[in-house]
Amino acid sequence: MINGISINYYLLLSAVLFIIGAVGVMARRNSIIIFMCIELMLNAVNLLLVSFSTLHNDASGQVFVFFIMAVAAAEVAVGLAILSMIYRNVKTIDTDVLSNLKN
Amino acid sequence: MIKLIGLVPLFPLIGFLINGFFGKKIGKSVSGIIASVSILASFILSVLIFVELNGSEEKSHIVNLFSWINSGALQIPFEFLVDPLSSLFLLIITGIGFLIHIYSIGYMSHDEGFARFFTYLNLFVFFMLLLVLGNNYLIMFVGWEGVGLCSYLLIGFWFKNNAYNDAARKAFVMNRIGDLGFLLGIILVFITFGSISYNEVFLKAGTASTGVITTIALLLFVGAMGKSAQIPLYTWLPDAMAGPTPVSALIHAATMVTAGIYMIVRSNVFYSISEVASETVAIVGVVTALFAATIGLFQNDIKKILAYSTVSQLGLMFLALGVGAYSSAVFHVTTHAFFKALLFLGAGSVIHAMGGEQDIRKMGGLSGKIKITFMTMLMGTIAISGLPPFSGFFSKDEILAHTYEHSPLLWMFGSIASMLTAFYMFRLLFLTFFGKFRGTHEQEHHLHESPSSMTFPLIVLAILSVVGGLLGLPEFWHMPNWMSNNLESVIVRKNPSTLNHETEWMLMGIAVLAAAVTIYVAYIIYRQKKTIPLKEGDKMPGLQTVIYNKYYVDEFYDAVIRKPLDVLSVAFHKFFDIQIIDGLVNGVGSTVKTVGSGIRLLQQGNIGFYIISMVIGIVFIILLTFLI
């Protein structure tokens with residue numbers, strides 16, 4: 001029990017978030033949305049880590065999450081830079097159009 | 001001083017490194033001086049060590065340099081053994097090595113590979129010193145392989161000539177056969193005694209069964225056969241004459257080929273236990289001595305004659321080893337080193353004067369033109385023929401006396417071999433230096449005595465060939481036999497002569513008389529009748545053709561060993577290489593290609609598809625971990 005709420009709800013929320021992310025990645029074609037969905041999956045895992053950390057009274061899970069967030073921030077910067085470069089060159093970020101390495 | 005023994009092989013190694021890396025830059029004169037000085041330094045140190053060892057009570061010093069191999073039960077320290085045997089070999093190697101370095105400065109002066117030559121020569125001396133100094137069989141083996149390598153490099157020194165390269169390869173392959181025996185012998189020693197250090201092995205030698213000892217002794221002897229050119233592995237040595245003449249003198253006469261003798265003397269404990277092995281050594285030795293001597297009778301290449309004579313003399317040394325006369329064998333190694341190095345260097349001087357001509361049919365009448373060479377060659381020839389009081393007489397007589405004691409039949413064959421030696425050596429001398437000149441006009445014009453750097457070693461070696469016999473005067477003359485007294489601590493089974501004085505005198509008389517008669521026969525044939533060997537292609541009597549062609553041994557090996565191997569290799573190539581190995585390799589390639597071209601279609605660039613396959617894959621893996 002965390003703050004009177006069962007751990008199960010946390011797990012459920014995390015699972016729902018993760019599935020939304022996964023389905024988004026698979027179904028959508030806009031690169032930015034795929035990117036956001038990936039972040040969503042990442043944060044679903046972060047949520048799990050934090051809730052278990054609180055449940056077990058162990059701070060290391062939270063420390064771990066801080067690291068993940070720092071790395072994710074860096075990754076976002078790089079990813080968005082790549083996307084903007086792609087857009088500049090091809091004038092689109094639709095993944096179906098971006099199906100070959102040349103051009 | 002004995003503690004400094006590590007420096008003795010170090011000097012040639014330094015010379016090798018300097019000449020090897022900077023030889024071309026420092027110029028011919030400097031590189032020759034560096035090479036010679038490094039050997040001279042070793043020689044001086046060897047003399048000091050020899051003197052100190054002679055003065056001290058303790059005859060065997062082990063100097064531990066560092067721990068070499070540490071692996072479980074296999075503990076091999078890098079130790080040097082200084083005892084009368086190794087210190088004597090040190091003197092021979094560095095002393096004669098130094099003289100030959102000096103000689104080479106003159107002989108090789110016009111060669112563009114001058115620095116390379118001295119590099120190899122220094123490396124050779126280094127390995128040879130390692131071979132005789134090591135206190136265990138493995139160090140000896142390292143030196144053994146090293147001198148084999150240098151021999152290969154120096155036989156093929158003029159590598160632009162393909163025949164010389166073939167000769168080098170032949171020497172290498174023949175030696176490998178012997179080395180395999182040697183290596184197996186060392187391994188068997190280790191298995192039997194748990195050590196390969198001489199002092200430990202020889203102490204325990206009595207504990208092993210005679211069968212094992214015989215096997216060890218025979219395997220070691222196979223190694224000696226290869227290195228010291230005994231039947232059936234002798235054919236490389238005559239071909240090794242392709243190398244420059246100083247090399248023939250140093251490696252293929254005075255030092256490297258006696259490594260087999262050294263090894264057997266060092267391991268004399270085994271051979272004194274095993275009768276079978278000793279008999280084998282004696283028989284192989286005497287057969288080789290006789291066989292090679294007969295081939296020498298009809299050769300026309302000045303260096304080939306000397307090469308067969310070397311094989312024959314080595315055979316005599318093995319005969320001595322076989323009958324248990326170890327110190328006589330070492331004595332003959334020493335005197336042979338003197339006079340054979342002298343003869344080879346003299347032959348080199350003749351070849352130098354003749355502008356590269358080696359065929360004695362085209363020489364003649366050189367005695368007046370190149371006096372120093374002639375006089376020194378004469379000394380060498382008398383010494384090898386065994387006329388008193390030259391050195392060869394004493395060493396050969398000692399061997400033959402011990403052989404007679406062992407078996408009169410072997411003595412007879414040995415004596416015949418030494419008679420033949422006297423014959424072909426005087427044939428060489430008469431054809432080269434007497435009579436009329438038979439070469440071309442330009443050659444006659446070109447004739448000149450060699451520079452003093454070449455004649456100086458000749459003179460020194462001539463003196464040694466004359467007085468070398470003092471090292472081992474016969475015991476029945478009531479004179480001290482320094483050689484056998486000196487080596488007493490190294491040799492386990494002593495065999496003082498049991499012959500009475502009359503027999504000894506008689507044997508000596510027979511030997512001298514036989515040599516004198518043969519020389520007289522040679523004199524009649526080649527001086528009075530002025531016989532000149534037949535030209536190439538002339539009809540020869542049947543037996544002479546066979547001997548002139550070296551009993552067709554090379555052709556025999558070719559037909560019995562090389563040709564079947566060739567056929568087998570071609571068959572293996574066609575079946576194994578092309579069908580199985582190539583089929584396997586090509587099969588793997590074409591399978592991957594086919595599968596790849598199928599799977600390639602999956603990769604069409606649709607990111608959504610990739611992600612779905614990834615998710616399916618992950619789910620599959622997770623399911624798998626649950627199931628297993």
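Helices here are DSSP runs of H or I at least four residues long, strands are runs of E at least two long, and both are numbered from the N terminus. With that in hand, select Lys535(B): this residue sits in the loop between helix H22 (501-528) and helix H23 (542-548) of chain B.

Some housekeeping before the tour goes on. This is a predicted model, in which local features need pLDDT of at least 70 and side-chain atom pairs count only at pLDDT 80 or more, while totals for chains, interfaces and linings use all residues. Residues are numbered from 1 along each chain as its sequence is written, with chains lettered from A and ligands numbered from 1 in the order in which they are written.

**Stop 1: around Lys535(B)**

Stay on Lys535(B) for a moment. Is Lys535(B) buried or exposed? A residue is called buried if 20 or more other C-beta atoms lie within 10 Å of its own, exposed if 12 or fewer, and partly exposed in between, with C-beta atoms placed from the backbone. Lys535(B) has 8 such atoms within 10 Å, so it is exposed.

**Stop 2: chain B as a whole**

Zoom out to chain B. Its secondary structure comes to 25 helices and 2 strands, and its C-alpha atoms fill a box of roughly 105 × 65 × 50 Å along the principal axes. Of its 628 residues, 49% count as buried.

**Stop 3**

Select residues 326-353 of chain B, which form helix H15. How far apart are the end C-alpha atoms of H15(B)? They are 40 Å apart, in agreement with the 40 Å that its 28 residues should span at 1.5 Å a residue; the expected span is 1.5 Å times one less than the number of residues. Look for the kink of about 25 degrees centred on His336(B), where the bend is the angle between axes fitted to the seven residues ending there and the seven starting there. H15(B) is largely enclosed by the rest of the structure, because 27 of its 28 residues are buried. After H15(B) comes Gly355(B), with a positive phi near 70 degrees.

Move on to helix H18 (residues 408-433) of chain B. From first C-alpha to last, its 26 residues reach 37 Å, close to the expected 38 Å. H18(B) is mostly covered, with 20 of its 26 residues buried. Just after H18(B), find Gly435(B), whose phi is positive, at about 75 degrees.

**Stop 4**

Most residues other than glycine have a negative phi, and most peptide bonds are trans. Now select Ile231(B) and Pro232(B): the peptide bond from one to the other is cis, with omega near 5 degrees. Pro232(B) is in the loop between helix H8 (210-227) and helix H9 (236-239) of chain B. Another cis bond joins Pro388(B) and Pro389(B), with omega about 0 degrees. Pro389(B) belongs to the loop between helix H16 (371-385) and helix H17 (391-406) of chain B.

**Stop 3: over to chain A**

Switch to chain A, which has 3 helices and 0 strands. Its C-alpha trace spans about 55 × 25 × 15 Å along its principal axes, and buried residues make up 8% of its 103 residues.

Pick Asn57(A), in the loop between helix H2 (31-56) and helix H3 (60-90) of chain A. Asn57(A) is not a glycine, yet its phi is positive, at about 55 degrees. It is exposed, with 6 other C-beta atoms within 10 Å. Then try Lys91(A), in the segment after H3 of chain A. Lys91(A), also not a glycine, has a positive phi of about 65 degrees.

**Last stop: where the chains meet**

Show both chains together. How many residues of chain B are in contact with chain A? There are 8, touching 8 residues of chain A, where contact means that the C-beta atoms, placed from the backbone, lie within 7 Å.

Technical notes
Contact = placed C-beta atoms within 7 Å.
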